[in-house]
Amino acid sequence: MPLPPLARPATDLPTGEPHRQAHQMILAGHGSEGQRRLAAGRVLVVGADEIGAPVIAHLADAGVGTIGVADGSPTEPWDRYLGLPDEEPADRAAAWARALGRTHPAVRTVAESWFELPRARGLVRDYDLVVCAGEDPARCQLVDDVCAEAGIPFVWGSMGATGGRVSVFWDRHGPGIRDLFPTPPVPYFRGVSGALKVVGAWLGVALATEAVKLLTGRGEPLVGRVMEYDALGGVCATVPLRPRERVARPAEPTAAEPFFGLLSPAATEAARESTISVEQLRELLDADAPVHLVDVREPDEYAFAHLPGSVLVPQGEFLHGDAAARLPTDRRTVLLCRAGIRSAEVLAVVKRSGHHDAVHLGGGILSWAERIDPEMPTY
């Protein structure tokens with residue numbers, strides 16, 4: 001259903017904006033008033049990764065007057081797009097503030113650094129709405145809670161390998177994130193399992209569009225609905241979301257452990273006493289110790305870079321097949337992956353199958369490249 005606009009129209013547009021925003025200014029139903037609402041609008045973007053970055057870029061290009069960026073992570077090579085062309089050291093929030101200061105001087109960009117429990121309440125009160133599409137379900141739940149307390153909408157997105165979902169949670173008008181996830185969802189870590197980056201761009205545009213609709217009061221925001229996108233199937237559908245019974249917010253906003261734990265409890269327990277360092281692995285290999293070195297990544301990853309002597313057995317063959325039963329019993333199994341996450345999950349399966357002396361490589365081949373073989377290509 002249509003909702004009242006969040007932003008009151010500014011008296012005037014900044015110098016040069018009427019020409020830059022000409023296409024929106026002549027749009028029936030938007031016009032000068034809609035553009036002035038955007039100019040007065042204040043949006044906080046939590047996370048400036050491959051989803052948050054296009055959100056920021058398109059909000060600025062649409063003419064939103066104030067954009068807060070809450071992301072204290074250092075910029076990475078994959079951040080060098082959509083307004084971040086320079087190589088000067090900075091965290092993502094500061095980098096975006098600097099970049100938009102050059103390209104969109106009419107936009108006030110505020111580097112808010114991290115979105116954390118101690119300052120979350122005060123932070124959201126400076127904005128009309130919050131956009132967050134992070135991998136961390138705990139952080140999204142915190143955003144939902146503090147936005148509900150402040151009475152402002154939370155524009156939410158979630159990205160999978162080749163698709164994503166978008167919704168708007170606004171406590172006074174519809175369901176919240178706990179109605180979609182009564183129990184914490186299983187996180188999808190793009191840095192572990194991979195993702196098609198163009199999906200992030202699609203999500204970013206969809207999230208920015210919801211923010212524009214909310215600020216201007218135009219169209220029907222995704223309150224009480226979830227838009228689902230399957231990039232490979234070319235399918236986009238909207239499904240209803242209704243409040244669930246007995247889904248209550250905590251009396252006080254809380255912050256769970258980030259990611260609700262990177263590893264499953266079984267993997268955490270398996271890895272506790274069965275993780276070796278890259279230095280220990282090198283000693284084993286140099287001594288020709290009887291080890292069975294198993295790489296649990298995918299074939300393309302293995303072809304790009306792998307340790308000599310390792311054999312490829314993808315993670316899925318352990319989790320959904322009988323690979324653990326086929327491991328040799330006359331040698332110690334050493335499992336490895338890119339960063340040590342997938343290998344720890346496989347380790348739990350391998351130990352349950354009876355290979356109690358199996359270990360995994362902490363930090364994976366990224367640590368090997370950093371501390372043992374700097375010539376090894378990384379990704």
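Visitor: How exposed is R371, and what do the words mean here?

Guide: R371 is partly exposed, with a relative accessible area of 43%. Buried means under 20% relative accessible area, exposed over 50%, and partly exposed in between (1.4 Å probe, protein chains only). This is a predicted model, where local features need pLDDT of at least 70 and side-chain atom pairs count only at pLDDT 80 or more, while totals for chains, interfaces and linings use all residues. Residues are numbered from 1 along each chain as its sequence is written, and side-chain values use heavy atoms, with hydrogens and water left out.

Visitor: Which residue forms a salt bridge with R371?

Guide: A salt bridge is a side-chain nitrogen of Lys or Arg within 4 Å of a carboxyl oxygen of Asp or Glu. R371 forms one with E279, their closest N and O atoms being 2.7 Å apart. R371 sits in helix α16 (residues 364-371) and E279 in helix α12 (residues 278-286), so the pair ties together parts 92 residues apart in sequence. Helices (H or I, at least four residues) and strands (E, at least two) are DSSP runs, numbered from the N terminus.

Visitor: What is the strand order in the open sheet of five strands?

Guide: Strands of a sheet pair through backbone hydrogen bonds, either parallel or antiparallel. Two strands count as paired if DSSP finds at least two bridges between them. Here the order is β9-β13-β12-β10-β11, with parallel pairing. β9 (275-276) and β11 (311-312) stand at the edges with a single partner strand each, so one side of each is left without a neighbour in the sheet. In β9's pairing with β13, T275 stands opposite H360.
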